[in-house]
Amino acid sequence: MYLPPHDPHVDDPMRFKPLFRIHLMERKCATVECMYGHKGPHNGHIQIVKKDEFSTKCNQTDHHRMSGGRQEEFRTWLREEWGRTLEDIFHEHMQELILMKFIYTSQYDNCLTYRRIYLPPSSPEDLIQPGLFKGTYGSHGLEIVMLSFHGKKAKGTKITGDPNIPAGQQTVEIDLAHPLQLPDIETLRDFSELSRIVVEVQEQVRREEQEREHRQEEQEHSQQAASQPASPLGGEGAEGEETAAGAEGTTQDKAPASQPFVLPTGVISRNEDYPRTCRVCFYGTGLIAGHGFTSPERTPGVFVLFDDDRFGFIWLELKSFSLYSRIKVSFQNAQAPSQEAFDEMLKNIQFLAT
């Protein structure tokens, strides 16, 4: 199991923890050992469910228990998972979230189902190389996000989740057709000014979506009436407008020039060591929800590209900032065989999450 570094050190390397191992014995014979817990290897079981899917089961879960009971197990887990003790965490809400995560993850006792995840295909037109990133999520700690590109959109899909937004959900969506021009550094410190800029772009996006829907309705009515073929100028003109917007974004994306960057006053960041210059910013939306993924909604935000390996997202409604850093582990045989296979995988993991 690959674990993220301790919060909030996103640039630190991933951590490695064995969960099970297989001893090949005689022909067609093998023994499986569960590595979970702190009492050494013990008897386990692995079952191939179907293609690209298998399950593990521990046959001796008593080996996962500690003499000090659940309290000792929780404190040990906290040191390993967070690199701190409960006494170090003064925020009551953060203590609650951490305890929820412990209860949720420990109940499975290494009886888990694994499904293959493809790394996103890359294209020369991509803003940066797609892949896996470690990101700060406030009191939830560090989580793993997959960044992928889909034409004029970029998506950040959660590979690990939390009590609010589960794994598989699209945590952020970046509109590459709508770059944001940030104000000078002193004006940027004013949160209300940044909000004004983002709200203006949000309204522009809303109007463009309404116009597209209106054109589609007109084309459908024309086709149904069959009095004359649908005018190609309407659809192609709309596409041309979008392409021009996208081209404008692409031109700015590839520009080597950087600009000063600072978080507006009042925006909370778990990691204050974020870069003070950025390449380009885009309008985007972020997914927020209550505990148990209740009342989910997409809210406006700012995607900030720092360099080839780091980006950020300002959650306007939460007044919070997430910093993401690339995972530089080499995974073998993880490339998607096709764009269609990758898109299908994204749909499947989101379906499982809901």
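The side chains of Lys-101 and Glu-81 meet in a salt bridge with an N to O distance of 3.3 Å, a salt bridge being a side-chain nitrogen of Lys or Arg within 4 Å of a carboxyl oxygen of Asp or Glu. Lys-101 belongs to helix H2 (residues 92–106) and Glu-81 to helix H1 (residues 69–82), so the pair ties together parts that are 20 residues apart in sequence. Helices (H or I, at least four residues) and strands (E, at least two) are DSSP runs, numbered from the N terminus. The model is predicted, so that local features need pLDDT of at least 70 and side-chain atom pairs count only at pLDDT 80 or more, while totals for chains, interfaces and linings use all residues. Residues are numbered from 1 along each chain as its sequence is written, and side-chain values use heavy atoms, with hydrogens and water left out.

The protein chain has six helices and 18 strands. Its C-alpha atoms fill a box of roughly 75 × 55 × 40 Å, taken along the principal axes. Of the 354 residues of the protein chain, 41% count as buried; buried means under 20% relative accessible area, exposed over 50%, and partly exposed in between (1.4 Å probe, protein chains only).

A search of the whole structure finds 23 salt bridges. Among them, Glu-143 and Lys-158 are joined through their side chains at 2.9 Å, N to O. Glu-143 is part of strand S9 (residues 142–150) and Lys-158 of strand S10, so this pair ties together parts that are 15 residues apart in sequence. Both Glu-143 and Lys-158 are buried. Lys-158 also forms a salt bridge with the side chain of Asp-162, at 2.6 Å, N to O. Asp-162 counts as buried because its relative accessible area is 13%, and Lys-158 because its relative accessible area is 1%. Elsewhere, salt bridges that share partners join Arg-65, Arg-70, Glu-73 and Asp-109 into one network.

Asn-164 occupies the loop between strand S10 (153–158) and strand S11 (170–180). With a relative accessible area of 12%, Asn-164 is buried. Its side chain makes a polar contact of 3.1 Å with the side chain of His-140. Such a contact is a pair of N or O atoms within 3.5 Å; within protein, one must be able to donate a hydrogen and the other to accept it, and residues adjacent in sequence count only if both atoms are side-chain atoms.

Several backbone features were examined. Most residues other than glycine have a negative phi, and most peptide bonds are trans. The peptide bond from Asp-7 to Pro-8 is cis, with omega near 5 degrees, and Pro-8 is found in the loop between strand S1 (2–3) and strand S2 (15–16). Asp-52, a residue other than glycine, has a positive phi near 65 degrees. This residue, Asp-52, sits in the loop between strand S5 (42–50) and strand S6 (53–58) and is partly exposed, with a relative accessible area of 28%. Asn-110, likewise not a glycine, has a positive phi of about 65 degrees. The loop between H2 and strand S7 (112–115) contains Asn-110, which is buried at a relative accessible area of 5%.

Surface patches were also identified. Patches are made of residues with over 30% relative accessible area and no salt bridge, like charges being joined within 9 Å and nonpolar side chains (Val, Leu, Ile, Met, Phe, Trp, Tyr) within 5 Å. Accessible areas come from the Shrake-Rupley method with a 1.4 Å probe, and for residues only the protein chains shown count as cover. Lys and Arg count as positive and Asp and Glu as negative, whereas His and the chain ends are not counted; the place of a charge is taken as NZ of Lys, CZ of Arg, CG of Asp or CD of Glu. Glu-209, Glu-213, Glu-217, Glu-218 and Glu-220 form a negative surface patch. Glu-213 is placed in helix H4 (residues 191–225) and is partly exposed, its relative accessible area being 48%. A nonpolar surface patch of about 330 Å² is made by Tyr-2, Phe-16 and Phe-331. Phe-331 lies in the loop between strand S18 (320–326) and helix H6 (339–353) and is partly exposed, with a relative accessible area of 32%.

Lys-28, in the loop between strand S3 (20–24) and strand S4 (30–34), is exposed, with a relative accessible area of 81%. The C-alpha atoms of Lys-28 and Ala-334 are separated by 27 Å, the two residues being 306 residues apart along the chain.
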